Amino acid sequence: MPKGSIPILQVGSTLVVTIQTELRDTIADALQEDLLERIGKTRAGALIIDITGLEVVDTYVARIIATTGQMAKLMGTETVLVGMRREVAATIVRIGFRLTGVETALNLDEGLELAKELVRRRRRRKRD
Amino acid sequence: MLVLGHPEAAKLFSDHLTVERVKRAQRDYFLGLFAGKCDTAYAEDRLRIGLAHERVGVPPKWYLGAYTRYMRAILDRLATWLTDPTEMRLAYQSIEKLVSFDMALAMDTYIEAHLQALTRHQAAIRELSTPVIRIQDRVLLLPLIGTVDTQRAEQLMEAVLLKVVEAQAKVIIIDIAGVPVIDTKVAEHLLKTTEAVRLLGARTILSGISPMIAKTVIQLGLDISAMHTRSQLSEGLELAFDLVAESRSRKKRKRRRKERRD
């Protein structure tokens with residue numbers, strides 16, 4: 001799949017990306033680049049990565065998600081990971097991978113709520 | 001009749017009709033045994049007999065005991081019919097072979113039935129060892145009682161994740177007041193569960209931390225700071241309600257803003 005093949009949506013100041021196909025390494029890399037570029041362009045307050053459709057998340061993809069979150073944070077954007085399946089959560093924990101740098105929410109709806117809250121908190125901190 | 005002298009046996013053969021029915025069944029059984037057809041239908045029929053015995057509560061020892069009596073009777077009868085010792089030996093060996101096959105099948109069904117019962121009980125125990133209770137719309141409680149070993153901890157994570165997703169829970173409280181000791185392994189499992197729950201988008205609160213457990217955790221040098229911890233379940237509940245209210249007020253704020261706009 002070429003670069004830019006996973007659509008990134010914008011809802012207010014939040015970017016939303018829904019991953020539905022199994023992420024092969026090259027797509028994952030391309031997605032990370034796309035996301036960072038969009039964050040730079042839009043100055044989005046938050047990024048939501050929806051992985052409801054993913055049945056398997058390997059270490060590579062998990063690392064891409066974590067590092068994307070960390071990179072986004074450096075650029076001033078909070079990342080919320082939503083819709084992780086319980087089997088995926090169990091596997092990630094079992095292999096001992098620490099998925100840091102992202103917040104989590106049960107579903108997209110709550111993810112949007114949390115994203116707004118995080119943006120608000122960040123602004124407040126800046127003001128203080 | 002000799003059998004009815006045993007009180008347990010007398011219970012099974014409570015009335016005349018039952019005795020008659022069983023006698024008929026025994027007659028059919030022996031006729032079948034000597035029909036000389038050892039096919040699948042025969043084996044299945046024998047397995048059914050074992051199951052029937054298991055169901056009405058005839059223990060294997062009775063079955064084997066009864067067979068010993070039958071064999072003795074058969075031997076006596078053979079002795080009167082066949083005068084040639086070689087012929088008699090061959091006849092008896094044939095019968096013994098048939099009977100052994102039947103016994104093997106019957107024992108198989110007994111063992112199978114017991115194994116099934118055991119599996120059922122284990123499933124029941126598993127279920128009981130991780131009782132997840134819904135306290136409020138989006139708050140779950142898992143009271144842990146007794147020792148937590150690796151297998152149980154593993155199962156605990158599965159159960160917790162399943163219930164969190166099912167209930168779309170915001171918070172799960174794990175109360176360990178009933179856990180006598182906590183060691184490195186258990187703490188590690190609790191931390192893993194906490195992390196997995198976080199990945200789903202919910203939070204874990206660990207309550208019921210006794211002074212004893214607090215002491216052990218620190219002395220073992222375990223870092224459980226990733227978990228919200230409280231000493232009493234009541235405090236854990238308060239914290240859980242606070243966390244849920246927090247996200248609810250977020251939603252309320254949103255609704256109010258929307259109303260103002262409309």
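Entry 1. I began with how a helix axis is defined: an axis is a line fitted to C-alpha atoms, for helices over the stretch in contact, and an angle runs from 0 to 180 degrees between N-to-C directions. I noted that the model is predicted.

Entry 2. I then looked up two helices of chain B, α3 (residues 40-56) and α5 (residues 85-129). Their axes come within 8 Å and cross at roughly 50°. I recorded α3(B) as oblique to α5(B) because of that angle. I also recorded the crossing of α3(B) and α5(B) as right-handed.

Entry 3. Which residues make the contact between α3(B) and α5(B)? From α3(B), I listed Tyr42(B), Ala43(B), Arg46(B), Leu47(B), Gly50(B), Leu51(B), His53(B) and Glu54(B). From α5(B), I listed Phe101(B), Asp102(B), Leu105(B), Thr109(B), Tyr110(B), Ala113(B) and His114(B). Sorted by class, this contact holds 8 nonpolar, 4 polar and 3 charged residues.

Entry 4. I turned to chain A. How many helices and strands does chain A have? I found 4 helices and 5 strands. Read from the N terminus on, the elements of chain A follow the order β-β-α-β-α-β-α-β-α.

Entry 5. I checked burial and surface in chain A. Of its 128 residues, 49% count as buried. The accessible surface of chain A comes to about 6,400 Å², and carbon and sulfur atoms account for 51% of that surface.

Entry 6. Lastly, I looked up contacts along chain A. Among those between residues at least 6 apart in sequence, 75% join residues at least 24 apart.

Note on methods:
Residues numbered from 1 in each chain as written. Chains lettered and ligands numbered in written order. Predicted model: local features only at pLDDT ≥ 70, side-chain atom pairs only at ≥ 80, totals over all residues. Heavy atoms only, no water. Parallel < 35°, antiparallel > 145°, perpendicular 65-115°, else oblique. Left-handed = near helix turned anticlockwise from the far one by under 90°. Contact = heavy atoms within 4.5 Å. Nonpolar A, V, L, I, M, F, W, Y, C, P; charged D, E, K, R; others polar. Buried < 20%, exposed > 50% of the residue type's maximum accessible area, 1.4 Å probe, protein only. Areas by Shrake-Rupley, 256 points an atom, 1.4 Å probe, with all protein chains shown as cover.
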